[in-house]
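Visitor: I would like to go through this model helix by helix, with the reasoning spelled out. Could you guide me through it?

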Amino acid sequence: MKFETVIGLEVHVELATKSKIFCSCSAKFGAEQNDHVCPACCGMPGMLPIVNKNVVNLGMTAGMMLNCHINRTTTFDKKSYYYPDLPCSYQTTQWFAPVAVNGLVDIETSKGKKSIRIKQIHMEEDAGKLVHDDWTNTSLVDFNRTSVPLIEIVSQPDLSSAEEVVAYLERLRSLLRFAKVSDCRMEQGSMRCDVNLSVRPEGSDQLGVRTEMKNMNSLSAIVRAIEYETARHIDAIENGTEELVQETRRWDDVKGKSFAMRNKETAGDYRYFPDPNIMPVVIDDTWYDGIKNSLPEFPEVKKARYMSEFGLGEYDADILTGSRALCDCFEGAVAECGNAKEAANWLISDCMNLLNKNQQTADQLTVNGTSLGKLIKLVTDGTIGRGNAKKILIAMFEKDLDPAKYAEENGLILSNDTGLIDKVIKEAIAADPKAVADFKGGKEKALMALFGKCMKQLKGNCDPQVLRTMLIDEINKA
Amino acid sequence: MDQTTLQSLEKLNQLRLTDAEKEAVLAFFARQDKEMAVLDAIDTERVERMVHVMPILTVVREDVEKKLFTRDELQKGAPETMDGYWQVPRLVE
């Protein structure tokens with residue numbers, strides 16, 4: 001019998017806000033334990049949650065990017081939750097009126113194009129972190145992450161393979177990063193994915209027993225988990241190796257196995273009820289239109305525009321539109337220098353090399369586009385050499401600066417002092433008569449040796465063409 | 001409310017009840033059921049659900065980060081702390 005896999009995803013994405021969802025504590029990752037806490041996120045009696053407006057902005061933005069309908073009145077609810085990483089014994093989330101519903105995301109795999117339906121996007125608070133201490137046999141609680149804002153993107157069970165899941169997640173990540181909703185860094189937990197999976201005989205319209213898998217923090221782990229779980233389900237159905245039950249399972253990537261965690265709760269078990277402390281949020285036309293008008297171009301639209309408007313090749317346009325930071329820098333640079341091809345080259349070769357050296361991703365590029373454009377202008381008008389421009393770019397990675405001012409302060413401007421160049425050439429020739437003789441005898445490499453010595457003496461501040469011409473003239477005279 | 005539902009609620013709320021407590025809870029819910037039956041008899045078809053007493057909508061704040069409390073202030077009332085963490089009975093699923 002042939003089987004097909006049915007997969008639905010719940011993707012949690014941490015929103016790029018400065019503060020938490022219901023209090024003003026910092027939402028930054030990586031602080032000392034319990035440094036970002038207050039009575040509200042510690043669940044102390046009498047605290048009153050107040051919604052962060054930017055969370056609603058980003059929730060709406062995500063909804064619009066994923067072609068959802070935005071609920072103009074959106075409300076928050078309490079979901080029962082009995083673990084100490086959420087101190088209220090409930091999680092504040094959205095159940096009855098989530099911010100966005102009924103969306104659609106297009107993906108492309110080796111089997112072609114497919115549309116994945118989005119059931120809903122809801123805003124909620126994250127839980128804190130528990131550390132289990134073997135020495136004292138206790139659990140230690142860090143509330144820094146408690147109440148950090150999340151959206152949960154719930155898909156319909158429209159996915160049917162690990163390849164489709166990866167394509168879907170990559171598409172989500174690209175769209176959400178483009179709209180600056182989140183940095184979507186799986187390794188830091190700002191994008192997490194729970195996989196709901198079942199299998200059924202091919203062509204059947206009945207869904208099989210569904211399991212939910214948690215604890216996956218990379219695309220490769222998700223692929224391995226789906227492949228393992230699919231095989232486990234098929235084995236159980238075909239060979240009766242075990243009884244499949246609806247449950248939550250934990251994926252152990254080191255062991256390459258999933259393990260039962262707990263019986264899967266149903267919605268009733270969570271006992272959702274409206275949060276009386278948080279007033280309904282009504283999104284009026286001004287607010288809605290403001291978000292709608294601030295949406296970025298979709299990456300594929302931008303790519304087509306870069307190719308038609310700036311004459312970039314598909315490869316270059318593809319790399320640039322892979323990251324919003326690259327696009328912003330590129331567009332800023334082109335606006336300043338008017339040379340799209342050069343701007344693309346600087347970004348794709350020099351900037352990407354520096355990012356790789358710093359073990360950073362393209363999204364972490366902080367170089368100001370206007371400053372890059374000024375740097376390109378300085379090179380193309382012959383004010384500085386390309387070698388020195390690279391030195392300036394390294395400094396621009398540290399902090400934003402005016403390239404012309406930096407070049408002047410650090411003696412990186414090309415010298416027009418032909419007297420000085422002439423003096424340096426004459427000294428080099430006098431010091432190495434053998435090289436002069438070798439060049440005259442037809443050894444081209446000898447010229448390069450002299451050229452190098454002169455350039456070193458001039459500290460790189462000389463137009464290579466000018467130096468070469470003057471050097472050959474002088475050798476011929478000698 | 002029957003024994004099975006009570007058992008399920010006990011598990012969900014992470015409680016362990018004695019037989020005497022279970023009996024008391026079942027008796028309590030039996031009384032509640034009667035009172036709910038009275039309420040159920042009322043026609044509420046056209047009555048809008050009331051969650052919020054005050055007619056206030058859209059209470060939001062700007063996304064501004066503020067540090068209003070220190071960890072030490074917040075942990076003053078904690079029964080147990082360790083290295084800046086709140087310390088609780090061990091919890092492993």
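Visitor: Which residues of helix 6 of chain A are buried?

Guide: This is a predicted model, and buried here stands for a relative accessible area under 20%. In helix 6 of chain A, the residues that count as buried are Pro299(A), Lys302(A), Lys303(A) and Tyr306(A).

Visitor: Why are these residues on the same side of helix 6 of chain A?

Guide: In general, an α-helix has 3.6 residues a turn, so residues three or four places apart point the same way. The buried residues of helix 6 of chain A are Pro299(A), Lys302(A), Lys303(A) and Tyr306(A). They lie on the same side of helix 6 of chain A because the arc they cover around the axis is only 105 degrees.

Visitor: Which helices of chain A do the buried residues of helix 6 pack against?

Guide: Helix 6 of chain A runs over residues 299-310 and reaches 15 Å from its first C-alpha to its last, close to the 16 Å expected. Its buried residues pack against three stretches of chain A, namely helix 2 (162-178), helix 7 (314-320) and helix 8 (324-337).

Visitor: Which residues does Ala317(A) touch, leaving out those up to four places away in sequence?

Guide: Ala317(A) belongs to helix 7 of chain A, and it is buried, with a relative accessible area of 0%. Its C-alpha is separated by 9.5 Å from that of Glu300(A), which is 17 residues apart from it along the chain. Once residues up to four places away are set aside, Ala317(A) touches Lys303(A), Tyr306(A) and Met307(A).

Visitor: Is helix 10 of chain A roughly parallel or roughly antiparallel to helix 11 of chain A?

Guide: Helix 10 (residues 369-380) and helix 11 (residues 386-398) of chain A pack with their axes 11 Å apart, at an angle of about 170 degrees. Angles over 145 degrees count as roughly antiparallel, and therefore the relation of helix 10 of chain A to helix 11 of chain A is roughly antiparallel.

Visitor: How many of the residues in the contact of helix 10 with helix 11 of chain A are nonpolar?

Guide: Helix 10 of chain A contributes Ser371(A), Leu372(A), Leu375(A) and Val379(A), while helix 11 of chain A contributes Ala389(A), Ile392(A), Leu393(A) and Met396(A). Of the residues in this contact, no residue is charged and 1 is polar, and the nonpolar ones number 7.

Visitor: What covers the buried residues of helix 10 of chain A?

Guide: The buried residues of helix 10 of chain A include Gly369(A), Gly373(A), Ile376(A) and Leu378(A). Among the elements of chain A that cover the buried residues of this helix are helix 8, helix 9 (340-357), helix 11 and helix 12 (403-409).

Note on methods. Residues are numbered from 1 along each chain as its sequence is written. Chains are lettered from A and ligands numbered from 1 in the order in which they are written. This is a predicted model: local features need pLDDT of at least 70, side-chain atom pairs count only at pLDDT 80 or more; totals for chains, interfaces and linings use all residues. Side-chain values use heavy atoms; hydrogens and water are left out. Helices (H or I, at least four residues) and strands (E, at least two) are DSSP runs, numbered from the N terminus. The expected span of a helix is 1.5 Å times one less than its number of residues. Buried means under 20% relative accessible area, exposed over 50%, partly exposed in between (1.4 Å probe, protein chains only). The arc is that of the directions from the helix axis to the C-beta atoms. Contact means heavy atoms within 4.5 Å. Axes are lines fitted to C-alpha atoms, for helices over the stretch in contact, and angles run from 0 to 180 degrees between N-to-C directions. Angles under 35 degrees count as roughly parallel, over 145 as roughly antiparallel, 65 to 115 as roughly perpendicular and the rest as oblique. Ala, Val, Leu, Ile, Met, Phe, Trp, Tyr, Cys and Pro count as nonpolar, Asp, Glu, Lys and Arg as charged, and the others, Gly among them, as polar.
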